[in-house]
Amino acid sequence: GKTVKFIFDGCDRWLRLCWYAMGIDKRATEVKQMPMKWGKRNTEYENLIEKITDGLECDRFFITHMKDEYAHNNPNPIGRKVNIKESTMDKMTQVIEVERVASGKKSVHTATIIASKTQTKLVGKTYDFLTIDNGDVNWTSIEELQTGEL
């Protein structure tokens with residue numbers, strides 16, 4: 001009678017590990033590779049993602065970090081974006097961006113609904129779901145996650 005949930009924490013790490021399938025390490029991200037090698041990396045990555053998204057009949061959560069985004073040859077970042085393949089984002093039902101803002105001994109964790117295929121009315125809504133103030137922890141969660149709406 002319990003609800004099963006699957007959490008994949010480290011999608012960005014998985015993508016980086018798939019670089020090894022190309023025979024190079026993570027520092028070679030700017031090296032031009034033959035299309036055949038990119039296909040090998042993508043196949044390794046997609047095989048696991050598809051087993052999770054298509055094969056599991058439960059709620060699935062993917063956790064990843066953000067990475068700097070650059071334009072052309074500009075060495076300065078122009079923003080931040082999710083550090084997973086774009087094709088993975090297409091498989092997401094909801095996208096929630098989490099941020100931690102610290103000030104002195106207080107930190108507030110906020111979650112913003114960036115995209116939702118099932119609850120478009122919630123897109124843009126922000127929740128303060130965790131506050132830590134001088135060691136006191138206040139966890140309020142995200143109600144729509146708890147009720148199964150998201």
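Leaving aside residues up to four places away in sequence, Thr 131 touches Lys 106, Ser 107, Val 108, Asp 136, Val 137 and Asn 138, a contact being heavy atoms within 4.5 Å. Thr 131 itself sits in strand β7, residues 126-133, and is buried at a relative accessible area of 19%. Buried here stands for under 20% relative accessible area, exposed for over 50%, and partly exposed for anything in between, with a 1.4 Å probe and protein chains only. All of this comes from a predicted model, where local features need pLDDT of at least 70 and side-chain atom pairs count only at pLDDT 80 or more, while totals for chains, interfaces and linings use all residues. Numbering starts from 1 along each chain as its sequence is written, and side-chain values use heavy atoms, with hydrogens and water left out.

Now to the sheet around β7. Four strands form an open sheet in the order β5-β6-β7-β8, with antiparallel pairing; two strands pair if DSSP finds at least two bridges between them. Because β5 (94-103) and β8 (136-139) stand at the edges with a single partner strand each, one side of each has no neighbour in the sheet. From one strand to the next, the twist averages 20 degrees, taken between axes that are lines fitted to C-alpha atoms, with angles from 0 to 180 degrees between N-to-C directions. The antiparallel pairing of β7 and β8 runs over four bridges, and Asp 133 has Asp 136 in β8 as its bridge partner.

Zooming out, the protein has four helices and eight strands, which from the N terminus run β-α-α-β-β-β-α-β-β-β-β-α. These are DSSP runs, with helices (H or I) of at least four residues and strands (E) of at least two. Of its 150 residues, 31% count as buried. Among contacts with a separation of 6 or more, 41% link residues 24 or more positions apart.

Then there is the largest pocket, with about 1400 Å³ of space. On a 1 Å grid over the protein atoms alone, a pocket is an open set of points where a 1.4 Å probe fits, with protein on both sides within 12 Å along at least five of seven lines, and lining residues have an atom within 4 Å of a point. The lining of the largest pocket takes in 36 residues, and Phe 61, Phe 62, Gln 94, Val 95 and Ile 96 lie nearest its centre. Elements giving two or more residues to this lining include β5 and β6 (106-116), along with α3 (86-90) and α4 (143-147).

Conventions
Grid points are joined across faces, edges and corners, and a volume is the space filled by probe spheres set on the points.
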